[in-house]
Amino acid sequence: MHLNKEEEKMYQGEYGITISKSMEILVALGDIYEAPSLVDISSAQVSGVSYKTIGEAGLEYLEELSKNEINLVNIPSTLNPAGIDLDNWKSFGFPKEFSKKQKRIVEAYGKLGISETCTCTPYLIGNVPRLGDHVSWSESSAVAYLNSVIGGKSNREGGPAALASAICGKTAMYGYHENENRVATTIFDLDIEIAHLDYGTLGYIVGREVGDGVPYFKLKNKSTNNELKSLGAALASSGAVALYHIENETPEYVFAKNDEDFKSLERISINKEDILNTKEKLSTTSEDADLVCLGCPHASLEEIKEIAMFIKGKTIKNQLWICTSINIKASSDRMGYTKIIENSGGHIVLDTCMVVAPIEEMGYKNIGVNSAKAANYIPSMCGLNAIYDNFENLIKFK
Ligand code: F3S
């Protein structure tokens with residue numbers, strides 16, 4: 001792989017061992033994928049944050065890495081969700097030892113200069129690349145949103161690669177950074193209008209079908225941004241989708257359609273029955289949820305408002321968590337939604353989510369979710385039951 005003079009200096013250690021080691025990771029990746037060069041990036045989003053997923057080895061690695069390095073990261077960079085609400089872990093009952101270690105992980109990232117905002121929807125809090133920007137993001141749902149809805153360019157990076165990119169401000173030029181890999185591979189026709197939960201269900205069906213392909217959707221109706229974030233999360237969890245196109249909606253669909261191979265692509269129809277059957281299969285119990293956990297991917301202000309308006313003035317029977325970032329909660333506080341939710345017995349939970357938090361150690365059994373991604377992961381990653389439905393059906397009142 002070709003390195004320019006500056007990159008060669010970084011690689012050879014002229015700017016210190018951390019930069020040199022990070023360059024080694026990027027060059028090794030570039031060599032594996034036969035990238036011709038590195039490319040400058042405008043932002044990074046780093047996964048590998050929850051103590052539940054990176055454990056003791058990850059904590060030690062990050063503390064060692066950040067020991068002598070202060071603010072090494074010079075591009076906008078944010079973190080994926082952690083395993084706890086960093087401010088309110090005690091009151092929510094997160095395990096003490098886990099919480100202490102979790103805080104050390106986030107502090108180590110912070111020392112390196114990465115923003116300690118832990119969220120899988122960085123595009124809702126100011127980490128927003130522009131059309132065509134090369135970036136290095138690692139949360140799969142965020143990568144799907146970035147490539148498809150924003151039109152930025154990122155591969156589904158692993159945590160260490162995204163961290164190396166954040167430190168160097170570069171990534172290897174291959175995969176979704178190249179236009180030729182951004183064209184559609186399969187066309188999906190829907191013969192019904194869809195809304196809300198259907199987007200996640202559709203994503204789950206199509207992700208299994210296309211694997212790491214690029215689906216092209218012909219929908220009967222327009223989508224909201226919240227629906228697109230659900231669609232991408234599900235596509236990226238049942239499959240390895242990092243980019244999709246929706247006709248007349250997403251920025252690169254024209255480009256995909258104009259590809260000379262487009263007309264010969266396989267076409268698959270999806271009907272109402274497919275959606276209903278898959279929705280049923282994503283629940284693993286018919287019991288009620290003891291914990292309803294919304295905000296996968298992390299909730300937007302509009303989603304919080306919708307939930308607040310639904311529960312306003314009533315008392316909730318099950319536990320309710322709405323997961324989001326500290327930034328979105330600040331807006332919710334100002335709008336009065338947080339108070340409405342808390343008055344009904346619910347909570348806005350920061351920095352974490354139902355999958356990367358140790359909820360299996362917190363006495364819960366049946367987790368209600370309106371996210372196909374969460375329903376897909378909760379049984380395997382938490383060993384708990386998932387109930388997949390609209391939040392209006394999951395929340396029970398006294
Ligand atoms: Fe985000 Fe957790 Fe879902 S990281 S996409 S809320 S599984």
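Buried area is the accessible area (1.4 Å probe) that two parts lose on being put together, summed over both. By that definition, domain 1 and domain 3 of this predicted model bury about 2000 Å² between them, and carbon and sulfur atoms give 63% of that area. Local features need pLDDT of at least 70 and side-chain atom pairs count only at pLDDT 80 or more, while totals for chains, interfaces and linings use all residues. Residues are numbered from 1 along each chain as its sequence is written, and side-chain values use heavy atoms, with hydrogens and water left out.

**Overall architecture**

- The protein chain is assigned domain 1 (5-179), domain 2 (182-280) and domain 3 (282-394), with bounds that come from an automatic or database domain assignment.
- The secondary structure comprises 16 helices and 15 strands; helices (H or I, at least four residues) and strands (E, at least two) are DSSP runs, numbered from the N terminus.
- The radius of gyration of the protein chain, taken over C-alpha atoms, is 21 Å, which agrees with the value near 21 Å for a compact globule of 398 residues; the globule rule is 2.2 Å times the number of residues to the power 0.38.
- The C-alpha trace spans about 65 × 55 × 35 Å along its principal axes.

**Interface of domain 1 and domain 3**

- The centres of domain 1 and domain 3, taken over C-alpha atoms, are separated by 26 Å.
- The contact (heavy atoms within 4.5 Å) involves 26 residues from domain 1 and 26 residues from domain 3.
- Lys 52, Phe 92 and Phe 94 supply 28% of the area that domain 1 buries against domain 3, more than any other three residues.
- Ten residue pairs are in polar contact between the two domains, both residues being at pLDDT 80 or more; a polar contact is a pair of N or O atoms within 3.5 Å, where within protein one must be able to donate a hydrogen and the other to accept it, and residues adjacent in sequence count only if both atoms are side-chain atoms.
- On the side of domain 1 that touches domain 3, helix H3 (51-66), strand E4 (115-118) and helix H6 (140-150) each give two or more residues.

**Salt bridges**

- A salt bridge is a side-chain nitrogen of Lys or Arg within 4 Å of a carboxyl oxygen of Asp or Glu; the whole structure has 16, and two cross the interface of domain 1 and domain 3.
- Glu 139 and Lys 373 form a salt bridge through their side chains (2.9 Å, N to O).
- Glu 63 pairs with Arg 104 in a salt bridge, with the closest N and O atoms 2.9 Å apart.
- Glu 63 lies in helix H3 and Arg 104 in helix H5 (residues 96-112), so this pair ties together parts that are 41 residues apart in sequence.

**Backbone features**

- The peptide bond from Cys 296 to Pro 297 is cis, with omega near -10 degrees, and Pro 297 is found in the loop between strand E11 (291-294) and helix H12 (301-311).
- Glu 34, a residue other than glycine, has a positive phi near 55 degrees and lies in the loop between helix H2 (17-32) and strand E1 (38-40).
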